[in-house]
Amino acid sequence: MKQFKILLVAIAAIGLLLNQACKDDDPTALLIASIVANCTDLMTGAAKTVDLNGTSSATDVPLDAVITITFDKAVDAATVNATSVSLSAGGSAVAATVAASGAGVTITPSADFERGTIYTLSVSAAVRSTDGG
């Protein structure tokens with residue numbers, strides 16, 4: 001009977017360990033908190049911030065815009081590059097410098113945007129948080 005109790009206790013302990021090991025330790029997904037274009041107002045020359053959050057086609061974005069994406073947590077800078085965060089126009093890549101710091105990613109185009117051109121900002125799943133999410 002003692003062997004049965006020890007075996008039962010051992011099985012229960014293994015079950016508890018497996019239950020703890022199987023808990024969802026996966027980090028939560030990295031979410032975009034905001035996207036803004038920092039630029040110069042063409043009319044006044046003053047610094048201007050244009051909110052691009054949730055827009056599918058922003059208008060009146062000054063041509064010298066630098067885009068900042070803010071995530072809900074710190075970004076792993078090693079996962080941020082011109083491939084994982086990119087700008088394109090008409091299907092062609094737009095040359096830009098991409099940098100990460102804390103929860104922010106900054107995209108600085110090599111040249112001003114062109115008037116009347118539609119640009120697309122893409123962020124791939126390769127961009128990860130420092131906790132792997």
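## A pair of facing residues

Let's start with two residues that face each other: Ala89 stands opposite Tyr119, which belongs to strand β8. The model you are looking at is predicted.

Which strand does β8 pair with over five bridges? Its partner is β4, made of residues 85-89, and the two run in the antiparallel sense.

## The sheet around them

These strands belong to an open sheet of three, in the order β5-β4-β8, with antiparallel pairing. At the edges sit β5 (92-93) and β8 (119-123), each of which pairs on one side only.

## The chain as a whole

Now step back and follow the chain along its sequence: the pattern reads α-β-β-β-β-β-β-β-β. That makes one helix and eight strands.

Of the 133 residues in the chain, 23% are buried. The accessible surface is about 8800 Å², and carbon and sulfur atoms account for 58% of that surface. Among contacts with a separation of 6 or more, 66% link residues 24 or more positions apart.

## A closer look at Ser129

Ser129 is found in the segment that follows β8. Is Ser129 buried or exposed? Ser129 counts as buried because its relative accessibility is 1%, and buried means under 20%.

What does Ser129 touch, leaving aside residues up to four places away in sequence? The list is Leu30, Lys73, Ala74, Val75 and Asp76. The side chain of Ser129 also joins that of Asp131 through a polar contact of 2.2 Å.

Note on methods
Residues numbered from 1 in each chain as written. Predicted model: local features only at pLDDT ≥ 70, side-chain atom pairs only at ≥ 80, totals over all residues. Heavy atoms only, no water. Pairing = 2+ DSSP bridges. Helix = DSSP H or I, 4+ residues; strand = E, 2+ residues; numbered from the N terminus. Buried < 20%, exposed > 50% of the residue type's maximum accessible area, 1.4 Å probe, protein only. Contact = heavy atoms within 4.5 Å. Areas by Shrake-Rupley, 256 points an atom, 1.4 Å probe, with all protein chains shown as cover. Polar contact = N/O pair within 3.5 Å; in protein donor to acceptor, adjacent residues only side chain to side chain.
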